[in-house]
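Please walk through this model with the structure open beside the text.

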Amino acid sequence: MEEDSGAAAAAAAAEEFRKLPAEVNWEMLDKSRFFVLGAALFSGVSAALYPAVVVKTHLQVAPPPAAATATVAAILRRDGPRGFYRGFGASLAGTVPARALYMAALEATKSSVGSAAVRLGVSEPAASAAASAAAGVSAAVAAQVVWTPVDVISQRLMVQTSATCRYRGGADAFRKILLADGVRGLYRGFGLSILTYAPSNAVWWSSYAMAQRFLWRVVGAERSESYPSLLAVQGASAALAGGASALVTMPLDTVKTRLQVMEADAARPTLASTMRGLLKEGGWAACYRGLGPRWGSMSLSAATMVTTYEFLKRLSAKEGSMG
């Protein structure tokens, strides 16, 4: 009797999963259109969200605690609106290849792990969650190969002022960091980035998939035919996943940012020394400096990125593949 009820529940879950909007998978995509359109769309999104990243970085590296509003006012007073885009050129130059690596690893892993799990007899909802988690880890590791040097360069440009201008731009920062610290200097915080973003991405993509299923259950899967409803559910699911991810990974992100921004003029900074210095400054609360801007940035970024990403996949689908 219990076996029958368990089988019925599994069948009901599988049926509910099939009613959800169809996923555009890796095999359905026109890859050249996917990457070209993706570069254009995500460059625009990055430009819109960059000021919040600048504010968050200033809050994380400034020794005395400061409010986000005071930091915004200080940047405006010192550099004007252009202060919110310091390092943006270097960031954008790295964002395009990093996003390409991220999207390729994400879609290829999701497609292969999902189909393999189904073939092994795993239920479709569980296979989808497992594939999303594996894809998140794979994408994070692949993208950090490009993103870590971009972070090191762009963050140093973000926090320098006209009075303490050490770098004349992204290329100059790249050359000086390479001369001072070698390739290792460009990859400072790489291990910590993997430690931060791999589990964060696994949780993010699996919770995004689960949040979507929950929200469709609330609003009714039949409404998925409406494009505004589809965008609203995807955006809300992404914002929830992004906000939770920001809270969980904030201490590691603060330490990573400090490691990447600190100069190596004196003793070489280490993870332990950076963490000790941070705790000495303000205890555990110091690890959460910049949480407000990061929470807002990651929630907004997640909602914007995911709706853009899902829209991009539909734009890039091969003719007849959605039929």
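**A walk through the chain**

Pro 149 counts as buried because its relative accessibility is 12%; buried means under 20% relative accessible area, exposed over 50%, and partly exposed in between, with a 1.4 Å probe and protein chains only. This proline lies in helix α5.

The model is predicted, so local features need pLDDT of at least 70 and side-chain atom pairs count only at pLDDT 80 or more, while totals for chains, interfaces and linings use all residues. Residues are numbered from 1 along each chain as its sequence is written, and side-chain values use heavy atoms, with hydrogens and water left out. The pLDDT is the predictor's confidence in each residue, from 0 to 100. Its mean over the chain is 80, and 88% of the residues reach 70 or more. Confidence is lowest in helix α1 (residues 2-18), with a mean of 50, and highest in helix α6 (residues 170-181), at 91.

The chain has eleven helices and zero strands. Helices (H or I, at least four residues) and strands (E, at least two) are DSSP runs, numbered from the N terminus. Of the 323 residues in the chain, 46% are buried.

One stretch carries an annotation: an unreviewed UniProt entry gives residues 34-53 as "transmembrane region". UniProt positions are given in the numbering used here, feature names are shortened, and annotations may be inferred rather than shown by experiment.

Ala 117 is in helix α4 and is buried, with a relative accessible area of 12%. Between the C-alpha atoms of Ala 117 and Ala 127, ten residues apart along the chain, the separation is 5.5 Å. Arg 213 belongs to helix α8 and counts as buried because its relative accessibility is 17%. Val 233 is 20 residues away from Arg 213 in sequence and 9.4 Å away in space, C-alpha to C-alpha.

What does the interior hold? The structure has one cavity of 30 Å³ or more. On a 1 Å grid over the protein atoms alone, a cavity is a set of points where a 1.4 Å probe fits but cannot get out, and lining residues have an atom within 4 Å of a point. The largest cavity has a volume of about 1,100 Å³, a volume being the space filled by probe spheres set on the points, which are joined across faces, edges and corners. It is lined by 40 residues, and the closest to its centre are Arg 99, Trp 147, Tyr 197, Ser 301 and Met 305. Helices α2, α4, α5, α8, α9 and α11 each give two or more residues to this lining. The largest share, ten residues, comes from α5.

As for cysteines, a disulfide is counted where a pair of cysteine sulfur atoms lies within 2.5 Å, and the count by this rule is zero. Cys 165 is partly exposed, at 47% relative accessibility, whereas Cys 287 is buried, at 0%.

Methods: On a 1 Å grid over the protein atoms alone, a cavity is a set of points where a 1.4 Å probe fits but cannot get out, and a pocket is an open set with protein on both sides within 12 Å along at least five of seven lines; lining residues have an atom within 4 Å of a point.
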